[in-house]
Amino acid sequence: MEKRKPLSRREFGLLIIQQEGKCGKCACRLDFTQPKRVVDEHLHPLADGGGNEITNRALYCYECAKGKTVKEVTPRAKSKRYAEGRTQYDKRKRAGGSRIKSRGFQPKPAGYKYQWSKK
Ligand SMILES: [Zn+2]
């Protein structure tokens, strides 16, 4: 995975011209007068094999960048948990093993919250 590289001033300027000073997502006018109101985003996330080249970059307004980041992180964190066997089901399977199976324990759909009885 490539490391995130900040845009050079030249690249930043190029993107502003390309996007006509508008957000790459909602097309609102980007606010360059305040710090951190314009975020350079990777269209193809670095974690997904994207690169730092300018064709993979876009300037987003803060709101769009925030929305994108949240959407990106959540499903990935979840699938990572599944891949590493850290779900509640995996924990129960390790703790109880075959007992769960014989009682017909079914893994709950994603997002299901287990109700633990109070001890
Ligand atoms: Zn926007």
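Predicted model: local features only at pLDDT ≥ 70, side-chain atom pairs only at ≥ 80, totals over all residues.
**Entry 1: K22 and E20**

I started with K22, which has 28% relative accessibility and so counts as partly exposed (buried is under 20% relative accessible area, exposed is over 50%, partly exposed is in between, with a 1.4 Å probe and protein chains only). E20 comes out at 54%, so I logged E20 as exposed. The side chains of these two, K22 and E20, meet in a salt bridge, 3.7 Å from N to O (the term needs a side-chain nitrogen of Lys or Arg within 4 Å of a carboxyl oxygen of Asp or Glu).

**Entry 2: ground rules**

Residues are numbered from 1 along each chain as its sequence is written, and side-chain values use heavy atoms, with hydrogens and water left out.

How many salt bridges does the structure hold? I got four.

I then went to D40, which forms a salt bridge with R4, with the closest N and O atoms 3.5 Å apart. D40 sits in strand β1 (residues 38–42) and R4 in the segment before α1 (9–18), so this pair ties together parts that are 36 residues apart in sequence. For the element names, helices (H or I, at least four residues) and strands (E, at least two) are DSSP runs, numbered from the N terminus.

Is D40 buried or exposed? D40 is buried, at a relative accessible area of 15%. R4 is partly exposed at 48%.

Next I looked up D40 with R57: their side chains also meet in a salt bridge, at 2.4 Å from N to O. R57 belongs to strand β2 (residues 57–61) and D40 to β1, so the contact ties together parts 17 residues apart in sequence. Both D40 and R57 are buried.

Which residues end up linked in a network of salt bridges? I wrote down R4, D40 and R57.

**Entry 3: aromatics**

I searched the whole structure for aromatic pairs and found one. The ring centres of F12 and F32 are 6.3 Å apart and the planes stand at 80°, so I filed the pair as edge-to-face. The cut-offs: rings of Phe, Tyr and Trp (its six-membered ring) pair if their centres lie within 6.5 Å, and planes under 30 degrees apart are stacked, over 60 edge-to-face, the rest tilted.

F12 is in helix α1 and F32 in the loop between α1 and β1, so to speak distant parts of the chain, 20 residues apart. I also checked accessibility: F12 is partly exposed at 27%, and F32 is partly exposed at 39%.
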